Amino acid sequence: MAICFQTPFKPIGFFNDNSKNHKPLLRCNLSLTTTELEPVYTSVKSFAPATVANLGPGFDFLGCAVDGVGDYVSLCVDPSVHSGEISISDITGNHASRKLSKNPLFNCAGIAAIATMKMLKIRSVGLSLTLEKGLPLGSGLGSSAASAAAAAVAVNELFGGKLDSRELVLAGLESEAKVSGYHADNIAPAIMGGFVLIRSYDPLELMRLRFPTEKDLIFVLVSPNFEAPTKKMRAALPTEVGMSHHVWNCSQAGALVASILEGDLLGLGKALSADKIVEPKRAPLIPGMEAVKKAAMEAGAFGCTISGAGPTAVALIDNEERGKHIGERMVEAFWREGNLKAAAMVKRLDRVGARLVASVPLR
């Protein structure tokens with residue numbers, strides 16, 4: 001997807017926040033400004049959370065952010081880097097991070113950072129970026145989206161936060177398109193937080209679904225020692241869908257959205273577990289997944305499905321202690337039925353999204 005600036009104000013999409021006002025998002029053509037933006041910080045550090053996409057019948061159009069786990073990006077003005085360019089100086093974190101390229105053209109954080117620099121028309125300074133991976137690769141927790149979201153926010157904040165969250169989603173989509181396909185159900189909630197529904201991709205239309213603040217929503221995330229690349233998992237999807245399954249999944253997706261807005265955890269879990277199109281094709285590719293889902297439900301989970309493309313399984317509950325018990329049963333099932341070691345995390349909904357966590361002002 002190319003980012004272009006053609007007219008002084010151009011609708012690039014729509015954003016709806018559960019209100020009756022559905023207004024076009026207008027972007028100012030930054031090329032009309034007489035001076036280039038100057039950095040407002042010497043360096044910044046940003047964080048972007050993990051995400052759970054698809055959510056059962058919400059394939060490619062619904063995702064949410066998970067609190068307490070994600071990726072960090074540190075960014076600074078670097079005179080040794082050519083003006084208008086970005087360099088990835090280091091990648092740290094889990095052992096899988098060693099697989100990642102430091103070439104910004106082939107790295108999720110680098111691609112999103114470059115796209116954001118282009119949007120801001122940054123040409124006179126060079127930037128150096130460090131990526132700290134908190135998420136494993138190919139886990140189904142939006143690892144690539146977290147890197148992209150953190151990088152886009154870091155660049156934007158370094159230059160005064162001129163772009164809004166919807167524009168940052170577009171920058172992140174450049175990265176997602178090159179890595180795992182043009183889908184925003186990870187990058188949108190990673191940047192915006194909470195639940196986000198992608199109403200349209202052309203033009204991009206996003207809807208934030210507000211889950212009631214007084215409700216506790218607990219995710220039990222169980223990740224086995226097994227890699228499920230998004231491209232491989234997408235290749236398993238059916239090329240045709242029967243009418244009965246189409247109607248069923250549409251009704252479950254509607255119930256899923258209604259349950260989110262109402263804070264109905266039982267309804268949310270029931271709908272999340274009811275996919276008849278995607279999960280039946282992907283679950284057999286993840287050893288033990290069907291037994292894991294059954295174990296979660298028997299242990300008291302409101303619902304359970306594959307997170308994103310997998311292999312992580314996600315279950316829903318309303319209590320952390322019960323969540324820990326459910327996680328233990330799911331880990332046992334992965335080992336017993338899939339011969340896979342697994343680790344469980346119990347996390348809450350992230351309602352904020354990618355954000356600045358540290359900064360050093362210009363002297």
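Guide: Glu 321 is exposed, its relative accessible area being 54%, where exposed means over 50%, buried under 20% and partly exposed in between, with a 1.4 Å probe and protein chains only. This is a predicted model, in which local features need pLDDT of at least 70 and side-chain atom pairs count only at pLDDT 80 or more, while totals for chains, interfaces and linings use all residues. Residues are numbered from 1 along each chain as its sequence is written, and side-chain values use heavy atoms, leaving out hydrogens and water.

Glu 321 forms a salt bridge (a side-chain nitrogen of Lys or Arg within 4 Å of a carboxyl oxygen of Asp or Glu) with Lys 324, and their closest N and O atoms are 3.4 Å apart. The two residues lie three residues apart in helix 10, so they are separated by about one helical turn; helices (H or I, at least four residues) and strands (E, at least two) are DSSP runs numbered from the N terminus. Lys 324 is partly exposed, with a relative accessible area of 43%.

Glu 320 pairs with Arg 348 in a further salt bridge, with 2.9 Å between the closest N and O atoms. This pair links distant parts of the chain, Glu 320 belonging to helix 10 (residues 320-338) and Arg 348 to strand 12 (residues 342-348), 28 residues apart. Glu 320 is partly exposed at 33% relative accessible area, and Arg 348 is partly exposed at 34%. By the salt-bridge rule, the count comes to 14.
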